[in-house]
Structures are given as structure tokens and as C-alpha cells.
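Q: I'm new to this one. Can you walk me through it?

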Amino acid sequence: MKSVQFNKFLQANITVLIPVILTALVIILGGIAEYLAEHKHPGANITNLGDALWWSVITITTVGYGDYTPISPIGRLIGVIVMFSGIGIAVTLVTVISQNRVQRMQERLKSKTEGKARILANETKAAIKDKIEGIEKLTEEDFDGLLIMMKSLRLALLEESKDIYNCPRCGNEYRSKSKFCSSSGLALT
């Protein structure tokens, strides 16, 4: 049971877990590499693994206090790699978090507006029926308004439709089965 929950957790959070794991790997491997490159170098201030890991953390987070700095060419090259990794991972992590947040907000908004769209469509249908029953009393403006209401209701209902037809020649999309493509003139029947 716990492994099923763990798998669900992993699947739901994989986009966040990957950058976090990459960050940990870069910190650990960068710290070890920096320690190996610097600890025996004369004048180096990164002389133990703890200092190297601390240097790796402040470098990947782009804080860079300056209390520990590589002095050997290999150590500086490792520093550049850790810096760019930190920037890339930070950007990826912020992007993933933002994208997840936007998706959650869209899902909430969709669930709130789904019922309202149906209610609005039903109200529009009722208004159209009322106007059609009194069609002989409609002015030209009211009749034009009725046509606009009918077209907008039809478009709204077609938007909800899952059926999308494409012209094989130009790729133009149609929400209902059309007889011909208005762009290429190809017969679609």
C-alpha cells in the first residue's frame, strides 16, 4: 500500500523532483571534484570536504560569499560548471513550479466556469426560443440580434465539441463536418 502511494507521489511530483535531485548531484559531485582539485594546491583555502561542499552550495545558489574560492585552473573550471549548472537548474525549477501553479489555477477556473457555461447556454437557448415565438413582432434590429445570439451559441457549443475536422490539403480546422474547405476549396465530403 505504501509503495503505491509513493509511486503516486513520484508521478505527481516528478517535474519538481528531477531538478532537486540534479541540484543535489551537482552540489555533491561539484564539492568532491573541487576538493580533489584544490586540497593539495599551495595557497588553497578549500582544504577539506566540508569547505568544498559549502563552496558548492553557495556557488550553485549563485550567492558566492567569497569566503572559499578556487585558485587552480581545474578548480576554476569546476566552478564555472557548477555556476552554470546552478543557473540552469534554478531556471528550470522556477519554470516547473510556475507551470504547475498555472495548471492548478486553470483547472480550478475550468471547474468553476464549466457549470456557468452550461447555465448561460441554457439561458441563451430560452431567450432564443422566446424571440422565435414572437418572430413576427421583431424589428430588424431585434432579428439581427437573434441571429447573432444563435451564431454565438452555436460557436460556443461547437467549442465544447471534441470533434475537429481537418482539411487534408491545408490543415484548416473545422468544428463541424464541412462540405468543402474555405481556404483550399477542396471537397471534404
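A short chat about this structure follows.

A: First, some ground rules. This is a predicted model, where local features need pLDDT of at least 70, side-chain atom pairs count only at pLDDT 80 or more, and totals for chains, interfaces and linings use all residues. Residues are numbered from 1 along each chain as its sequence is written, and side-chain values use heavy atoms, with hydrogens and water left out.

Q: How many helices and strands does the protein chain have?
A: Four helices and two strands. The order along the sequence is α-α-α-α-β-β. Helices (H or I, at least four residues) and strands (E, at least two) are DSSP runs, numbered from the N terminus.

Q: What share of the residues is buried?
A: 19% of the 189 residues. Buried means under 20% relative accessible area, exposed over 50%, partly exposed in between (1.4 Å probe, protein chains only).

Q: Which aromatic rings pair up?
A: There is one aromatic pair. Trp 54 and Tyr 65 have ring centres 6.1 Å apart and planes at 15°, so they are stacked. Rings of Phe, Tyr and Trp (its six-membered ring) pair if their centres lie within 6.5 Å; planes under 30 degrees apart count as stacked, over 60 as edge-to-face and the rest as tilted.

Q: Where do the two partners sit?
A: Trp 54 is in helix 2 (residues 49–60). Tyr 65 is in the loop between helix 2 and helix 3 (73–133), eleven residues apart from Trp 54.

Q: Is Tyr 65 buried or exposed?
A: Tyr 65 counts as exposed, at 56% relative accessibility. Trp 54 is partly exposed, at 38%.

Q: And Ile 28, where is that?
A: In helix 1. Ile 28 is partly exposed, because its relative accessible area is 44%.
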